[in-house]
Amino acid sequence: MSRGRVALALLFAALAVFPAFAGPYALSVATLVLYFAYTGQAWNVMMGFAGQLSLGHSLYVGVGAYAAGAIFFHYGIGPWAGLWVAILLCVALGVLIGFLAFRFGISGVYFALLTIAFAEFTRIGFDHLDWVGGPGGMFLRVAQRDTWDIANFRGPPLMYYYVILALASLALLLCHFLLKSRAGYYWQAIRENEEAAQALGINTFRWKVCAVALSSAMTAVAGVFFAFYYNNLFPEQIFNISRSIEIILGPIIGGLGTLFGPILGAAVLTLLSDGITELLAALGWEIPGVKQVFYGVVLLVVVMFLPHGIWPALARRLKLDA
Amino acid sequence: MAPELVLNVVVAGVLTGLVYGLMALGLSVIFGVVRVVNFAHGEMMTVAMYAAAALFAAFSLDPFLAVLPVAAVFFLLGYALQAGIINPFITRPEHSQFMLLVAVAIILVNALLIVFGPDARNVQVDYQLESYELGKLLIDKARVFAAGLAVVAALLLFSFFRFTLTGKAIRACADNYLGARVVGLNVKHLYALTFGLGSACVAVAGCALVLLVDVTPGLGPYYTLLAFVIVIVGGLGSMGGALLGGVLIGVSEAVAGLLIAPSAKSMFSFGLLILVLLLRPQGLLGKRA
């Protein structure tokens with residue numbers, strides 16, 4: 001086994017036993033890190049592998065969350081059924097956006113703006129959709145938080161931690177195999193030089209749509225998790241462009257197109273954000289906005305001095321790049 | 001619905017749209033020349049709006065006078081931002097530029113929050129309550145002045161690019177980066193100058209807009225998106241297109257607010273954005289690449 005695999009196995013083992021030593025606060029932070037590791041991995045399929053910049057991934061989180069949430073809210077049917085509805089809806093949306101964009105030859109900045117437009121359009125649409133509560137939000141019933149009710153996906157924070165750990169691990173495995181598969185090589189070819197890929201006989205249109213579909217399906221699952229973990233959904237929050245930005249910060253800071261970048265980026269950013277909060281509280285500087293300014297400055301510095309992200313630089317240093 | 005009501009709303013939409021157009025003009029000029037999408041554009045405008053509101057609160061300086069110092073400072077800051085931070089990024093991939101400007105946007109919004117707090121600010125001058133009467137039309141004086149200022153600023157910018165040697169040099173950079181360097185133009189300086197001019201546009205638009213709406217730190221992302229919609233609809237990089245797009249969005253939002261629901265008006269803009277992106281990605285007045 002290579003050094004990289006040993007390190008990964010150790011990390012997984014540490015995360016598996018982590019709740020035994022962690023308090024409720026640490027557990028919630030770890031859940032958040034894994035959530036962003038998962039969504040970052042999903043976004044990375046589209047941008048990191050296939051080179052299609054989406055700035056509207058909150059669309060899939062929101063539609064997924066609202067689909068499974070509304071089915072539970074209105075009919076009392078647990079998320080195992082709602083999950084498939086969520087995935088189906090998000091894949092349909094993703095394929096629609098991808099189909100329209102790639103058919104009309106929209107790429108780069110224009111594609112990114114198109115994804116924002118769809119997310120914003122949907123946000124305002126949900127604001128006027130009374131079936132899911134409109135701007136007042138939708139609240140899922142919170143009951144029996146002590147026992148693990150897997151069928152309805154209700155339970156203590158520990159359950160959500162293990163579920164998101166499983167999701168993040170599965171996503172990592174999936175991406176690992178994808179990168180070494182035919183699809184993965186096609187995507188990377190498209191990312192590096194689309195015209196050359198086309199000249200080699202790759203149906204770039206189809207493979208780009210595939211990347212969007214897979215990415216949106218994975219993000220839909222995150223949306224379902226979000227709905228049942230937080231239990232309240234507001235269009236203004238869940239579809240907001242800042243949610244999309246949160247999703248993509250991790251993979252870009254961690255290392256775009258790498259397997260471990262999204263995980264490292266999510267950990268660094270979440271811990272940084274919480275660390276700044278703690279530090280400011282200790283210093284007594286709890287003025288609203290100070291934390292975000294620090295966060296912005298760190299972001300600026302990382303983007304300026306580590307253009308490929310933290311992971312490639314770190315992996316070289318630790319000889320983990322296998 | 002009474003026709004004069006609709007007409008009143010349309011006229012107000014056109015006037016506000018001209019101010020939006022000037023804001024978008026800044027974005028369009030920066031993109032057209034530097035090829036960087038300024039994701040901090042709306043945030044820069046809220047900073048200008050706060051600057052005008054603060055100058056009014058401190059010295060009761062009318063925003064129409066405040067526009068000169070605010071625009072000058074914005075020009076210098078824009079120049080410094082491009083020369084210091086963005087120039088090294090012009091050859092980097094789009095997502096990298098995006099991250100950089102998002103970081104700038106986060107810093108700006110929250111710096112405003114620290115300095116001014118979350119409450120809405122505005123300016124109160126006596127002509128805000130007055131209006132011109134044209135038959136059954138009632139037009140707010142402040143709105144007319146704001147639109148006039150926007151048009152004057154846009155004309156100045158047009159003539160700068162059209163008639164001065166520096167303006168010509170900047171257009172040369174936009175048309176052919178390599179050619180501009182071959183003939184010995186200092187491209188980085190010209191890029192910084194362009195970003196400064198774009199920032200000055202935003203500053204003027206902000207000073208005009210603070211007469212029409214209350215400003216909060218959270219407005220920034222909204223205006224960024226609005227500026228995107230306008231320049232895409234008008235044609236990214238086209239100067240006339242930005243003004244036309246501004247008027248179009250100003251009118252359509254005003255009418256949609258009247259006919260459907262005020263909260264649903266942006267849905268209309270984003271729908272329009274999607275249609276234009278798909279059917280005419282170069283925008284209404286843009287040239288095909």
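Begin by selecting B:Arg143, which counts as buried at 19% relative accessibility; buried means under 20% relative accessible area, exposed over 50%, and partly exposed in between (1.4 Å probe, protein chains only). This is a predicted model, in which local features need pLDDT of at least 70 and side-chain atom pairs count only at pLDDT 80 or more, while totals for chains, interfaces and linings use all residues. Residues are numbered from 1 along each chain as its sequence is written, chains are lettered from A and ligands numbered from 1 in the order in which they are written, and side-chain values use heavy atoms, with hydrogens and water left out.

**Stop 1: a salt bridge in chain B**

The side chains of B:Arg143 and B:Asp140 meet in a salt bridge at 3.4 Å, N to O (a salt bridge is a side-chain nitrogen of Lys or Arg within 4 Å of a carboxyl oxygen of Asp or Glu). B:Asp140 is partly exposed, with a relative accessible area of 33%. Over all chains, the structure holds seven salt bridges.

**Stop 2: the first helix of chain B**

Select residues 3–34 of chain B, which form helix H1. Helices (H or I, at least four residues) and strands (E, at least two) are DSSP runs, numbered from the N terminus. The expected span of a helix is 1.5 Å times one less than its number of residues. H1(B) is mostly covered, with 23 of its 32 residues buried. Just after H1(B), select B:Arg35, which takes a positive phi of about 65 degrees.

**Stop 3: salt bridges in chain A**

Which residues are linked with A:Glu120 in a network of salt bridges? Select A:Arg123 and A:Glu236 alongside A:Glu120 to display that network. The side chains of A:Glu236 and A:Arg123 meet at 3.1 Å, N to O. This pair links distant parts of the chain, 113 residues apart: A:Glu236 lies in helix H10 (residues 235–238) and A:Arg123 in helix H5 of chain A. A:Glu236 is partly exposed at 42% relative accessible area, whereas A:Arg123 counts as buried at 13%.

A:Glu120 is found in helix H5 (residues 109–127) of chain A and is buried, with a relative accessible area of 4%. Leaving aside neighbours within four places in sequence, A:Glu120 is in contact with A:Phe239, A:Ile241, B:Leu225 and B:Phe270; contact means heavy atoms within 4.5 Å.

Next, select A:Glu194 and A:Lys208, which form a salt bridge with their closest N and O atoms 2.7 Å apart. A:Glu194 is in helix H8 (residues 194–199) and A:Lys208 in helix H9 (residues 204–230) of chain A, 14 residues apart. A:Glu194 counts as partly exposed at 28% relative accessibility, and A:Lys208 as buried at 6%.

**Stop 4: A:Met47**

Select A:Met47 in helix H2 (residues 24–49) of chain A. A:Met47 counts as buried at 9% relative accessibility. Not counting residues up to four places away in sequence, A:Met47 touches A:Gln52, A:Leu53, A:Arg191, A:Leu256 and B:His95. A:Met47 and A:Leu256 are 209 residues apart in sequence, yet 7.8 Å apart in space, C-alpha to C-alpha.

**Stop 5: between the chains**

Now colour the two chains separately. The contact takes 37 residues from chain B and 40 residues from chain A. About 3,600 Å² is buried between them, of which carbon and sulfur atoms give 86%; buried area is the accessible area (1.4 Å probe) that two parts lose on being put together, summed over both. B:His95, B:Met99 and B:Leu278 supply 18% of the area that chain B buries against chain A, more than any other three residues. The count of salt bridges between chain B and chain A is zero.

**Stop 6: helix H13 of chain A**

Finish with residues 290–305 of chain A, helix H13, whose 16 residues reach 23 Å from first C-alpha to last, close to the 22 Å expected. Its buried residues include A:Val290, A:Tyr295, A:Leu299 and A:Val303. The buried residues of H13(A) pack against helices H11 (241–254), H12 (261–283) and H14 (310–318) of chain A, together with H3 (63–86) and H4 (94–116) of chain B.
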